[in-house]
Amino acid sequence: DDRTAAEREFWQNAGALISEFPETSEAVEAAHSAGDGVVLGAPNVTRGGSHNGNVSALEMIVLGRCDALASDYHYPSMRRAVWTLVDGGVCDLGTAWALISSAPARLLGLLDRGQISTGKRADFVVINKQSRRLGATFVAGQVSYLSGEVAGRFINT
């Protein structure tokens, strides 16, 4: 929760190379300029701004200053933030989804996840693009959740 460039520099010198929920554009710019990862809150995106007057995550995404989004304890906001970005014309679905998948994995050094490719964990979700409902969740290639039409396809095969 950095507020100033000096706070960001202090934490960077202490080895914290990710700025989680920086509160001001000054702190975001300091992190970005130093090459630190900037993680902002998905609820901030879905609400159209911070609930307590901090920097706008949406504005930082538009400026290319947000590397990843986090749930900030409200996990439904992750998916909602993606659709807010897409519906608002801020970015396409692939770019928006990367903010909650491959980007956080990369920032945390989790190189075995964040994308679907040979040799990766195979964590992914199946979402109906029209209804935007979650149909399935796979963790390490194993089904962990099925619902609706997707569940029917699995059961009827």
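This is a predicted model: local features need pLDDT of at least 70, side-chain atom pairs count only at pLDDT 80 or more; totals for chains, interfaces and linings use all residues.
**Notebook: a look through the model**

**Glu23**
I started with Glu23, which sits in the loop between strand E1 (18–20) and helix H2 (25–34). Is Glu23 buried or exposed? I looked up its relative accessibility, which is 17%, so Glu23 counts as buried; the cut-off for buried is under 20%. Then I listed what Glu23 touches, leaving out residues up to four places away in sequence: Asp1, Asp2, Arg3, Asn54 and Val55.

**Overall layout**
Next I zoomed out. I counted 8 helices and 6 strands in the protein. Reading along the sequence, I get α-β-α-β-α-α-β-α-α-α-β-β-β-α. I also checked the extent of the C-alpha trace, which spans about 60 × 35 × 25 Å along its principal axes.

Of the 157 residues, 33% come out as buried. For contacts with a separation of 6 or more, I find that 40% are between residues 24 or more positions apart.

**Surface and charge**
The protein exposes about 9100 Å², and I see that carbon and sulfur atoms supply 53% of that area. For charges I have 14 positive and 17 negative. How far apart are the mean positions of the positive and negative charges? I get 11 Å.

**Leu93**
I moved on to Leu93, which I find in helix H6 (residues 93–98). Its relative accessibility is 30%, so I put Leu93 down as partly exposed. Which residues does Leu93 touch, not counting those up to four places away in sequence? My list is Val82, Trp83, Val86 and Lys129. For Trp83 I also looked up the C-alpha separation from Leu93: 7.7 Å, with the two residues 10 apart along the chain.

**The E5–E6 hairpin**
Then I traced the strands E5 (residues 134–139) and E6 (residues 142–146), which run antiparallel and are joined by 4 bridges. One end of the pairing I noted by name: Val139 has Gln142 in E6 as its bridge partner. E5 and E6 form a hairpin with 2 residues between them. I checked the turn as well, and Ala140 there has a positive phi of about 50°.

**Aromatic pairs**
Last, I searched the whole structure for aromatic pairs and found 3. Why does the pair of Phe10 and Trp11 count as edge-to-face? The ring centres of Phe10 and Trp11 are 5.0 Å apart and the planes stand at 80°, so edge-to-face it is; the cut-off for that label is over 60 degrees. I looked up both partners: Phe10 counts as exposed at 53% relative accessibility, while Trp11 is partly exposed at 40%.

The rings of Phe124 and Phe138 have centres 4.5 Å apart and planes at 10°, so I logged this pair as stacked. The pair links distant parts of the chain, with Phe124 in strand E4 (residues 124–127) and Phe138 in strand E5, 14 residues apart.

Note on methods: Residues are numbered from 1 along each chain as its sequence is written. Side-chain values use heavy atoms; hydrogens and water are left out. Buried means under 20% relative accessible area, exposed over 50%, partly exposed in between (1.4 Å probe, protein chains only). Contact means heavy atoms within 4.5 Å. Accessible areas come from the Shrake-Rupley method with a 1.4 Å probe; for residues, only the protein chains shown count as cover. Lys and Arg count as positive and Asp and Glu as negative; His and the chain ends are not counted. The place of a charge is taken as NZ of Lys, CZ of Arg, CG of Asp or CD of Glu. Two strands pair if DSSP finds at least two bridges between them. Rings of Phe, Tyr and Trp (its six-membered ring) pair if their centres lie within 6.5 Å; planes under 30 degrees apart count as stacked, over 60 as edge-to-face and the rest as tilted.
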